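Student: I would like to go through the labels used for some aromatic residues. Please set each value against its cut-off.

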Amino acid sequence: QVQLVESGGGLVQAGGSLRLSCAASGTIFRSNTVAWHRQAPGNQRELVALITTGGSTHYVDSVKGRFTISTDNAKNTVYLQMNSLKPEDTAVYYCTCIYYWGQGTQVTVSS
């Protein structure tokens, strides 16, 4: 059973930064697209960012220019660097690969 474990969430002031990490129990990130999703209260889950095995990245419009997704295959880890955070970024963030999902990490941005 593949496990994905997120870390790095927390409480931050508007304008601040956080880096989320997601560690996989195997080498699954080397062969598949990896993505970050988020879900805020009252909202549907939305795709935030993804990265392909070829290194192509895609972002939801609301985070373009502020968030960066990257992988470190040697460490079986994917990252989401979040800068210039806004209160509307508050959500539970999940990393995903194929049909595997992490447990989520809470990000709260205060005004």
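Student: Why is Tyr-99 called exposed?

Tutor: Its relative accessible area is 64%. Exposed means over 50%, buried under 20% and partly exposed in between, with a 1.4 Å probe and protein chains only. Tyr-99, at 64%, is therefore exposed. This is a predicted model, where local features need pLDDT of at least 70, side-chain atom pairs count only at pLDDT 80 or more, and totals for chains, interfaces and linings use all residues. Residues are numbered from 1 along each chain as its sequence is written, and side-chain values use heavy atoms, leaving out hydrogens and water.

Student: What makes Tyr-100 buried or exposed?

Tutor: Tyr-100 has a relative accessible area of 17%, so it is buried.

Student: How many aromatic pairs are there?

Tutor: Two, by the rule that rings of Phe, Tyr and Trp (its six-membered ring) pair if their centres lie within 6.5 Å. Planes under 30 degrees apart count as stacked, over 60 as edge-to-face and the rest as tilted.

Student: Why is the pair of Tyr-94 and Trp-101 called edge-to-face?

Tutor: The centres are 5.9 Å apart and the planes stand at 65°, so the pair of Tyr-94 and Trp-101 is edge-to-face. Tyr-99 and Tyr-100 also form a pair, 4.7 Å centre to centre with 40° between the planes, and this one is tilted.

Student: How do you know that the charged end of Arg-45 sits over the ring of Trp-101?

Tutor: The rule asks for NZ of Lys or CZ of Arg within 6 Å of the ring centre and within 35 degrees of the ring normal. For Arg-45, the distance to the ring centre of Trp-101 is 4.4 Å.
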